[in-house]
Amino acid sequence: MSGDVVLDIGYRGYVSDVVPILPHAIGIDTDYPGYDGKRLPFDTNSVDAVYSSHCLEHISDSVDAIREWHRVLKIG
């Protein structure tokens, strides 16, 4: 993964003392300011990469989640 803006969605899971996957990645969890669990508080086409591990199985509407992740990704 590369770029200045990398999101690590669901990075914390059930553990409190973890950090995002990359030193400069933005860790997104349910307590992230402006995040309601469905819509990411980032503009369309504003993020270089989205990373998520072991998260989709905990989201009730995973298709909408993936659409939202795609919305914020920069084209190309």
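Tutor: First, the terms. On a 1 Å grid over the protein atoms alone, a cavity is a set of points where a 1.4 Å probe fits but cannot get out. A pocket is an open set with protein on both sides within 12 Å along at least five of seven lines. Lining residues have an atom within 4 Å of a point.
Tutor: This is a predicted model, where local features need pLDDT of at least 70, side-chain atom pairs count only at pLDDT 80 or more, and totals for chains, interfaces and linings use all residues. Residues are numbered from 1 along each chain as its sequence is written, and side-chain values use heavy atoms, with hydrogens and water left out.

Student: OK. How many cavities of 30 Å³ or more does the structure hold?

Tutor: One. The largest cavity has about 40 Å³ of space. Volume here is the space filled by probe spheres set on the points, with grid points joined across faces, edges and corners.

Student: Which residues line the largest cavity?

Tutor: Tyr35, Gly37, Lys38, Ile59, Ala65, Glu68 and Trp69 line the largest cavity. By type, four are nonpolar, one is polar and two are charged. Ala, Val, Leu, Ile, Met, Phe, Trp, Tyr, Cys and Pro count as nonpolar, Asp, Glu, Lys and Arg as charged, and the others, Gly among them, as polar.

Student: And the largest pocket, how much space lies in there?

Tutor: About 310 Å³. The largest pocket has 14 lining residues, and Gly10, Asp29, Thr30, Cys55 and His58 lie nearest its centre. The lining splits into six nonpolar, seven polar and one charged.

Student: Take Asp29. Is it buried or exposed?

Tutor: Asp29 is buried, at 14% relative accessibility. Buried means under 20% relative accessible area, exposed over 50%, and partly exposed in between, with a 1.4 Å probe and protein chains only. Asp29 sits in the loop between strand 2 and strand 3. Strands (E, at least two residues) and helices (H or I, at least four) are DSSP runs, numbered from the N terminus.

Student: How far apart are Asp29 and Cys55?

Tutor: In sequence, Asp29 and Cys55 are 26 residues apart. In space, they are 10 Å apart, C-alpha to C-alpha. Now take Leu56 and Asp36: 20 residues apart in sequence, 16 Å apart in space, again C-alpha to C-alpha.

Student: Where is Leu56?

Tutor: Leu56 is in the loop between strand 3 and helix 1. Leu56 is partly exposed, with a relative accessible area of 31%.

Student: Which way do the residues of strand 1 point?

Tutor: Val6 and Asp8 point one way, Leu7 and Ile9 the other. All of these are buried. In a regular strand the side chains alternate between the two faces of the sheet.

Student: Now helix 1. Which residues are buried?

Tutor: Helix 1 covers residues 62-72, and its buried residues are Ala65, Glu68, Trp69, Arg71 and Val72. They cover an arc of only 155° around the axis, so they lie on the same side of helix 1. The arc is that of the directions from the helix axis to the C-beta atoms. Arg67 and His70 are exposed, on the other side of helix 1.

Student: Last topic, backbone. What is phi of Asn45?

Tutor: Near 60°, a positive value in a residue other than glycine. Most residues other than glycine have a negative phi. Asn45 lies in the loop between strand 2 and strand 3, and is partly exposed at 36% relative accessibility.

Student: And what about phi of His54?

Tutor: Phi of His54 is near 60° too, a positive value. His54 is in the loop between strand 3 and helix 1. His54 is exposed, with a relative accessible area of 66%.
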